[in-house]
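Welcome! Open the model in your viewer, keep the selection tool handy, and follow along stop by stop.

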Amino acid sequence: MLNAEKTNLTGITEFILLGLGNPSELQPLLFLLFLIIYLVTISGNLLIIVLVVADQHLHIPMYFFLGNLSCLETFYSSTILPKMLSSFLTGDRIITMGGCLAQYYFFGSFAATETYLLAAMSYDRYLAICKPLLYASIMSRKLCFQLIIGAWMNGLLVNGIMMFLIGDLFFCAPNIIDHYFCDLIPLEKLSCTETSRIELATFLLAFILTVTPFVLTLTSYFSIITTIIKIKSSTGRQKAFSSCSSHLTVVCLFYGTIMIVYMLPDTPTLRHLNKIFSIFYTILTPLANPIIYTLRNKEVHKAFSRVQNKLTYFWKL
Ligand SMILES: *[C@@H]1O[C@H](CO)[C@@H](O)[C@H](O)[C@H]1NC(C)=O
């Protein structure tokens with residue numbers, strides 16, 4: 001018995017990711033679907049980055065944030081989709097221990113960075129709408145840069161602490177993860193060391209990483225909406241609202257689906273639903289962001305046609 005336990009303790013070097021739990025006939029179809037999603041996500045976000053860098057009119061904090069968010073989302077979706085695509089294609093569901101931990105680290109860090117970046121963007125909108133006279137003096141390029149660096153450092157460092165704690169866990173058989181990527185909770189469940197300390201730490205860190213920026217974002221939007229309601233002219237109201245509506249849509253999509261995933265009770269029947277909803281914030285948010293901005297934001301629209309005109313001009317030369 002002791003021997004068996006020992007081999008179990010030291011034996012695990014890889015995990016099996018069960019994936020979406022779909023029948024294998026669906027693999028090629030799902031491969032195609034997620035490949036299209038991945039390609040559109042990458043090209044949409046790259047398009048936004050190119051526009052923000054190339055178009056002078058977008059050289060203001062709001063679009064610096066947007067460009068950096070697109071950068072982040074390119075990385076974010078690349079932590080999950082390539083592995084998922086390869087297992088749809090080859091049927092190989094094995095991920096090494098190192099690969100699994102790395103996937104969790106980068107996914108978790110980018111997600112944490114995203115929450116802070118979304119909070120910084122809503123603070124930017126708050127200043128622009130509620131304190132328009134002070135906006136230019138407060139939201140300097142320096143502050144903008146500091147907020148962006150702060151979001152990245154925060155995500156990478158705080159999640160680094162989590163990683164340190166998880167690296168200490170022992171994993172025993174069974175090494176089967178009922179998910180399509182190595183997320184924290186499924187990993188914790190597989191551990192055979194006592195996890196109550198880690199669970200407490202996770203809870204506290206998750207609080208820092210998600211609840212704080214969530215409350216900041218919520219407060220900003222609360223002030224924005226009360227200010228917009230008080231605007232007398234309806235065109236003024238519309239103008240103010242349209243300057244933050246794209247961002248508000250992204251925020252609602254991201255937090256709405258995260259909340260559903262983490263608040264649904266963990267029962268076998270709901271677990272499948274849970275996976276479907278995690279697809280929203282892990283895979284569909286990075287896809288939705290460039291689509292929402294390119295379709296709904298007038299400035300991005302205009303920048304797109306300006307850059308297009310420039311390109312056709314150079315083609316003709
Ligand atoms: C990210 O933010 C920095 C500083 O605020 C800005 O200079 C840079 O252009 C942004 N990057 C992108 C891709 O938008």
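Pockets come up on this tour, so here is the term: on a 1 Å grid over the protein atoms alone, a pocket is an open set of points where a 1.4 Å probe fits, with protein on both sides within 12 Å along at least five of seven lines, and its lining residues have an atom within 4 Å of a point. Volume means the space filled by probe spheres set on the points, with grid points joined across faces, edges and corners. This is a predicted model, in which local features need pLDDT of at least 70 and side-chain atom pairs count only at pLDDT 80 or more, while totals for chains, interfaces and linings use all residues. Residues are numbered from 1 along each chain as its sequence is written, and side-chain values use heavy atoms, leaving out hydrogens and water.

**Stop 1: the second largest pocket.** Select Ile185, Pro186, Lys189, Asp266 and Arg271, which are the closest to the centre of this pocket among its 17 lining residues. Its volume is about 440 Å³. The lining comprises eight nonpolar, three polar and six charged residues, where Ala, Val, Leu, Ile, Met, Phe, Trp, Tyr, Cys and Pro count as nonpolar, Asp, Glu, Lys and Arg as charged, and the others, Gly among them, as polar.

**Stop 2: the largest pocket.** Here there is about 900 Å³ of space. Select Ala206, Phe207, Thr210, Ile258 and Tyr262, the closest to the centre among 30 lining residues. By type, the lining divides into 21 nonpolar, five polar and four charged residues. Which helix gives the largest share of the lining? Colour H9 (196-230): this helix contributes ten residues. Helices here are DSSP runs (H or I, at least four residues) and strands are E runs of at least two, numbered from the N terminus.

**Stop 3: the ligand.** Show what surrounds the ligand: Ile49, Val52, Phe64, Gly67, Asn68, Arg141, Cys144, Phe145 and Ile148, each with a heavy atom within 4 Å of it. Zoom in on asparagine 68, where a side-chain N or O atom is 2.3 Å from a ligand oxygen. For arginine 141, the corresponding distance to an oxygen atom of the ligand is 3.3 Å.

**Stop 4: asparagine 175.** Finish in the loop between helix H7 (141-167) and strand S3 (176-177), where asparagine 175 sits. A polar atom of its side chain lies 2.7 Å from the backbone oxygen of glutamate 14.

Terms used. A polar contact is a pair of N or O atoms within 3.5 Å; within protein, one must be able to donate a hydrogen and the other to accept it, and residues adjacent in sequence count only if both atoms are side-chain atoms.
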